Structure formats: structure tokens, C-alpha cells
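Morning, everyone. Please have the structure open as I talk.

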Amino acid sequence: MAELNRATRQLDPPFAVVDLDAFDANAVDLARRAAGRATVRLASKSVRSRALIHRAVQQQGYRGILAFTLPEALWLAEEHPDVVIAYPTTDRTALKRLAADERAASRVTLMIDSTAQLDFIDEVVGTSRPAIRVCIDLDASLELAGGRLHLGPYRSPVHSPRQAAALARAIQDRAGFHLAGIMSYEGHIAGLGDNQAGSPLKRAAIRAMQRLSAHELADRRAAAVAAVEAVAPLEFVNGGGTGSIEQTAAEHVITEIGAGSGLYGPGLFDFYRRFRPRPAAYFVMSVVRRPSARIATVLGGGWIASGPPGLDRQPTPTWPQGLRMNPREGAGEVQTPVLGSAAHGLRLGDHVWFRHAKAGELCERVNTLHLVSGTEIVEQVPTYRGEGHAFL
């Protein structure tokens, strides 16, 4: 961290830094964790920089991009031949662009979880067009007590193999669509750390839920893939995330893992037992006041992550070592007081380094990422925001 600080000491905060040595090591590690059983489809929302997306997908073991909106996918497809969108779209303008461009239509795959979405696409672009590639989103949540208890993200209504096969038949029977793959994201496993701070009972409950859900999902996913492939052959079966690569890749039906957050190693990944990525992405704030000898206050800092409000959604003070948040203020819109042993030595103008709780959301705050290797800034690259794009 001291080297990163020396490399960027001439910059005025706020600014963001990516440690390229850590980023590259994390990219290699994500592919290693798949153990050759599956490739990694890079989740672009976790990176949000075209230059760093390109850098990562050049690594061995990567194939394709998992985008989050159709305008973004069309933009990325200008140079990447295989882009799957992880979420359904109702963007009329982008759908018309897709349907009017045979090259883009051959490179971009839309996400589907109902025949209503097929109807919507036909209403927007008609049926006299290139075939539109689609992927079925299979719900990965754990449902107990006959569906009355739902554990996991609320995503697709397609939960059973029977429902997946029915949707596959509807796609096959409709002109103008090509069924390319099936996807399921187990966010309650891949995106929920199993080593949370606090109650041991809570940790035990999370681990028990994840074990139960992983076993249930492996069986149901295999059955769903078999049911869909009885209707039409699949090019890919996508699952998992950074937090569950080994577990998901071990399923024989899985051909690829959607992952990307592990490249930056954000704060939420401090709460996993199975792996620990190297912290690679930071934002930096400047000390502007000293309310007391034991407190230093930086300007801004309230870069809070999405999700259920909680302490784990706050940024983590990282350097100088020995800093912590003031629990009564946290990370603020205009100021963030930091406490701890290192706060005593901070002077006005000194830099304080933070890690965002989530990966790509850092890039919604800055236009530029300063890429550092060793003790030098080797490049400055734009974020999506810096290139004038707002894809969310």
C-alpha cells in the first residue's frame, strides 16, 4: 500500500486506483479455481471499464462476457464476439438496433424467463429480422415448505425442470428466436460470505443453508438442463459467481462460470472462508480537518454499496493501517471521520485509502482509473462513466 501511495501522491483526491499486479493475479486465480472444468465468462458489471474487461478476457480460461444491459452489450459486441446479457431487457431503442444489425445479433444473447418477453420483442421489432439469440434464466433459489419459504434472489419465475422445458419449447416453436443457453445464478451462495462477522449462530445458519441449497440446485440444474436439451441442444450452461467457482464448476452440466468481482477484491469478499482475492481496487480521499488529536476527517467518502443496508455495505479504510470508521457517523456524504492508531499521525492533505464494499460500483463514482504497477502509474483508463455511458 505504501508503494501505491507513493505512485499516486501527486494526484488530488478523490481518485480511484487499480493495482494491476493484484488484478492480474486475481484474474489468473479465478480461472485456476474453475480447475479446467469450466471457462470464466467475465461479468462486466463488476469491472465497468472497457480497458480492464479487455485485459481480463485475454487471460487463459476466459471466454465471453456477461453484460448487464442491452446498450452495454451492443457496445461491447463491437469488439467481443460473445456477449450474454444477464438480465431481461425492455429497451425498445436497443432492441431495434439489435434487430437491424446481423453482426450484433450473432454476437449478443438476450436473457429470457417468460413468453411475455418473447411477445414484447416481437411487438417492438416484428418478426422479419435476423434470429435473436436467447438464454433461459433458471431460478437458483432454494424453496422450502412447498415454495412458502424462498431463500435466494428473486429472479426468474422458471424454477422447475418442467417449467424450463416448457419455455424451451415455446422458444423453439416461435420463428425469429434461437435458444443458445441456460443460466442460473445462485446469489445466496456465490454472493453471500459464509464467514460473516458477529453471531456464530448466524454463520452456522448461512453455512447450513448454503450446503442444503448447493445440493438441491445441483440436482435440479442437471435435471433442467437435460429437460431443455431434450427440446434443443445448448451451446452453454452458465452458473455460479466469484464466491462459488469451485463448487459450481464441479457440476458436470456446467460449461462456464459468470464471475468478475474477484478481479477487484472488494470488501464483501473479506467474509469468505473458501478464498480471498487480493485487494486490487481502491478510492482515495484527502484529510481536510482534525476535530481532535485522535480523529482525522476526509472530505466525502460515503460511497455506499447496494444491497440490504448494513455495516458491510460501507467502504473499508485500508491505508494507513490501523484506521476505522466512527460508528456514530460511518461514511458520510460530505465527510468521513476516521479513528484508530493511524489517525494520530495524519496531517491535512494526507491521503486515506478505502476499498469499496462491492466491485464495479466504484466506477459509478469516477471517470478514470489510475492503473499502478509497482511504484508507477502505467496508464489511466476511463470507466464506463468516463466514456459517457450510463448503462444502469
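Let's begin at R220. Its relative accessibility is 8%, so R220 counts as buried, since the cut-off for buried is under 20%. Keep in mind that this is a predicted model.

Who is the partner of R220? E216 forms a salt bridge with R220, and their closest N and O atoms are 2.7 Å apart. Both residues sit in helix α10, which covers residues 200-229. They are four residues apart, about one turn of the helix. E216 is partly exposed, at 26% relative accessible area.

Why do such pairs form? Side chains of opposite charge can pair when their charged atoms come close.

R220 has another neighbour, H159. Leaving out residues up to four places away in sequence, H159 touches L138, D139, S141, E143 and R220. Where is H159? Find the loop between β8 (149-151) and α8 (161-172). H159 is buried too, with a relative accessible area of 14%.

Back to salt bridges. How many does the structure hold? There are 20. One of them joins the side chains of E256 and R41, at 2.5 Å from N to O. This pair links distant parts of the chain. E256 is in strand β11 (residues 256-259), R41 is in strand β2 (residues 39-43), and 215 residues separate them. Buried or exposed? E256 is buried, at 4% relative accessibility. R41 is buried as well, at 1%.

Next pair: R313 and D312. Their side chains meet in a salt bridge, 3.5 Å from N to O. R313 is buried, at 12% relative accessible area. D312 is partly exposed, at 26%. Elsewhere, salt bridges that share partners join D119, D122, R129 and R174 into one network.

D312 leads us to a pocket. The second largest pocket has a volume of about 410 Å³. It is lined by 18 residues, and the closest to its centre are F271, L311, D312, Q314 and T316. The lining has nine nonpolar, six polar and three charged residues.

Now the cavities. How many are of 30 Å³ or more? The count is two. The largest cavity holds about 50 Å³ of space. Its lining includes Y264, R355 and K358. By type, that lining has five nonpolar, two polar and two charged residues.

The second largest cavity holds about 30 Å³. Among its lining residues are L138, D139 and S141.

How values were computed
Residues numbered from 1 in each chain as written. Predicted model: local features only at pLDDT ≥ 70, side-chain atom pairs only at ≥ 80, totals over all residues. Heavy atoms only, no water. Helix = DSSP H or I, 4+ residues; strand = E, 2+ residues; numbered from the N terminus. Buried < 20%, exposed > 50% of the residue type's maximum accessible area, 1.4 Å probe, protein only. Contact = heavy atoms within 4.5 Å. 1 Å grid on protein atoms, 1.4 Å probe; cavity = no way out; pocket = protein on both sides within 12 Å on 5 of 7 lines; lining within 4 Å. Points joined across faces, edges and corners; volume = space filled by probe spheres on them. Nonpolar A, V, L, I, M, F, W, Y, C, P; charged D, E, K, R; others polar. Salt bridge = Lys/Arg side-chain N within 4 Å of Asp/Glu carboxyl O.
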